[in-house]
Amino acid sequence: MGEVRLESIARECRVQILRMLAHAGSGHPGGSLSVIDILTTLYFGRLKFDPKRPDWPERDRVVLSKGHAVPALYAVLARAGYFPEKQLITLRKLGSPLQGHPDRTALPGMEAATGSLGQGLSISLGLALGLKLANVKSRVYCILGDGEIQEGQVWEAAMSAPKLGQPQHALDNLAVILDYNQIQLDNFVKKVLDIEPVIAKWQSFGWPVIEIDGHDIAQITKALDQAEATTGGPTFIVAHTVKGKGVSFMENDPEWHGKAPKPAEAIKAIREVLGVTESAWEDYLKTDSATRAIVDELSALEKK
Amino acid sequence: MPAKASRAAFGEALLDLGARDERIVTLDADLSKSTMTVNFAKKYPQRAFNLGIAESNMIGVGAGMALTGRIPFACSFACFIVGRFETIRISVAYTNANLKIVGTHSGIAIGEDGYSQMGIEDIACIRSLPNIGIIQPADELETKQVIAYAVEHQGPLYLRLTRQNLEPVCPPDYRFQYGRWLALRPGHDVTLIGTGGPLFNCLEAAKQLEADGISAEVINAACIKPLDEEMLVQSAGRTGHVVTVEDHTVAGGLGGAVAEFLGDVLPTPMKRLGVHGFGESGDAKGLYAKHGLDPAGITASVKKFLNR
């Protein structure tokens, strides 16, 4: 039952990702769509937070180290009540707190500035250690991109984390999730700089590793349970994902790493995400006023 | 007070402050014996973290800890700190993390180890970042006050310290104020603004200049960002000539900051003394003489600048 609810929220968030990127005219759909099931499961199935008190010391923290996927985080934060959903279409516009990459100081609910890849894991270590020292029971979740772990700083942090704070303040409040969608900006990760054998690498650095399908909410939930039950150090979760997941013409195509859909493309993508055939689309929209409004808004944008 | 390295004064101040404030933690990258946090680590092992030779991770971990309310001091040589500029740029400055970054072994005065260990571009780089302040204390008294201030300051700071001993220059009743400079010696012909290591040499040069009939006001610019704009305008307006002295490249350091500001509001003839090119191995005294940062060099430069 919980999974059906989370799948439904993830669908809504996918729609919002496509909507805001089309309005922005630039951004990163592929990696936002690959990570959204993970973020949805975290925020609506797991995390302790209060959108009215974004600085609540006992909240759980999410650091989206692959900051270019921030449209996914914005969709989730809006759905969670941090800010109104209508603000989503200000993404990347002058004066908006919804910066192209995360700005912690601009938007309540953001835990760190990321987007310069390779830095989020170190910050997450610091958050986890700081919480341990302060005797706060909150958990920290760090989401890395697969291309991102080509950065050297990731391996400094990877080497450090299992040992940091030991033994009294071991970082068992930290779970790191790899969004392994196999594509980076220039090409497939394998072709640019293969990161395999990725599981053996993290294991050899001292991390317990769990391998899951990053679009299967039951598997994500189970992995997060396992991570939470692990004591004595952090846990690494390899989530196999599909870049552009849910949109046929975006899936597994490096072209859609950093290219926004045009409004007509976004409408088609939204229809696919919602699982409606082309012939049934007009009738469907009569039954779903929220989507109707988004589609009308995109159609108006197309005519501009 | 005998001469003391500002890194040593920093280590002593941390021990003292650490007893009073549990939020203080230290982070090091295998140089704790050199950055002088080693005694803090011995006394408070649960609050001292050695991240190994991995400065980027150390700075990022410090930023994360700061976001949970700890007050971390992340320490390494100034050159290795600024080498991780991109992490400072995003994880510290843009994040506005309340992290205190400590760069010791600043300048060519470290001597024999040579250029790769000399932090001489750190001010120029870090000065370009919003949010983060830069302080360089000039003696033991000032260092201890600056460290105490850093604990109270909300927001990131870069603290620039020396390996070498520093002669006392500040009066016993001195009280450090963020964004404020101190005139150590009055004068009306030229404003001599020093910071950190060479400040004592500025005072020595001023004595020689006085003997030669030139009255130099000597200012301690401990706070490099923000500048004490009020004192700078007043002094430059009065003397009409400004000379800056620092153990840092002449590009973009204190001299650069002063030139940029005066260029905007009160264009004033200026001479910037500092390091030209790369540093090199040698004894500190010889290196200061080579780069004109010793009393004789400063005196000669001021005279030439004033055509006297």
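**Figure 1. The residue that follows helix H4 of chain A.** After H4(A) comes A:Asn135, whose phi is positive, near 60°. Most residues other than glycine have a negative phi, and most peptide bonds are trans. The structure shown is a predicted model, in which local features need pLDDT of at least 70 and side-chain atom pairs count only at pLDDT 80 or more, while totals for chains, interfaces and linings use all residues. Residues are numbered from 1 along each chain as its sequence is written, and chains are lettered from A and ligands numbered from 1 in the order in which they are written. Helices (H or I, at least four residues) and strands (E, at least two) are DSSP runs, numbered from the N terminus.

Figure 2. A residue is buried if 20 or more other C-beta atoms lie within 10 Å of its own, exposed if 12 or fewer, and partly exposed in between, with C-beta atoms placed from the backbone. The end C-alpha atoms of H4(A) are 20 Å apart, which agrees with the 20 Å that its 14 residues should span at 1.5 Å a residue; the expected span is 1.5 Å times one less than the number of residues.

**Figure 3. The side of chain A that touches chain B.** Contacts (C-beta atoms, placed from the backbone, within 7 Å) link 23 residues of chain A with 24 residues of chain B. Helix H4 (120–133) and helix H5 (152–160) of chain A are the elements that give two or more residues to this side. H4(A) gives the most, with 10 residues. By class, this side of chain A has 11 nonpolar, 10 polar and 2 charged residues. Ala, Val, Leu, Ile, Met, Phe, Trp, Tyr, Cys and Pro count as nonpolar, Asp, Glu, Lys and Arg as charged, and the others, Gly among them, as polar.

**Figure 4. The loop between E5 and H9 of chain A.** A:Pro254 lies between strand E5 (235–240) and helix H9 (263–273). With 20 C-beta neighbours inside 10 Å, A:Pro254 counts as buried. Leaving aside neighbours within four places in sequence, A:Pro254 is in contact with A:Ile183, A:Asn187 and A:Phe188. The loop also holds A:Asn252, which has a positive phi of about 60° although it is not a glycine. A:Asn252 counts as partly exposed, with 15 C-beta neighbours inside 10 Å.

**Figure 5. Cis peptide bonds in chains A and B.** In chain A, the bond from A:Glu196 to A:Pro197 is cis, with omega near 0°. A:Pro197 is found in the loop between helix H6 (189–193) and helix H7 (198–204). In chain B, a cis peptide bond with omega of about 0° joins B:Lys225 and B:Pro226. The loop between strand E12 (223–225) and helix H10 (229–239) of chain B contains B:Pro226.

**Figure 6. A β-α-β unit in chain B.** E13(B), helix H11 (residues 254–265) and E14(B) make a right-handed β-α-β unit. A crossover is right-handed if, with the strands pointing away from the viewer, the path from the first strand over the helix to the second runs clockwise. Strand E13 (residues 242–249) and strand E14 (residues 270–275) of chain B pair in the parallel sense over 5 bridges; pairing requires that DSSP finds at least two bridges between two strands. B:Val243 stands opposite B:Lys271 in E14(B).

Definitions and conventions. Two residues are in contact if their C-beta atoms, placed from the backbone, lie within 7 Å.
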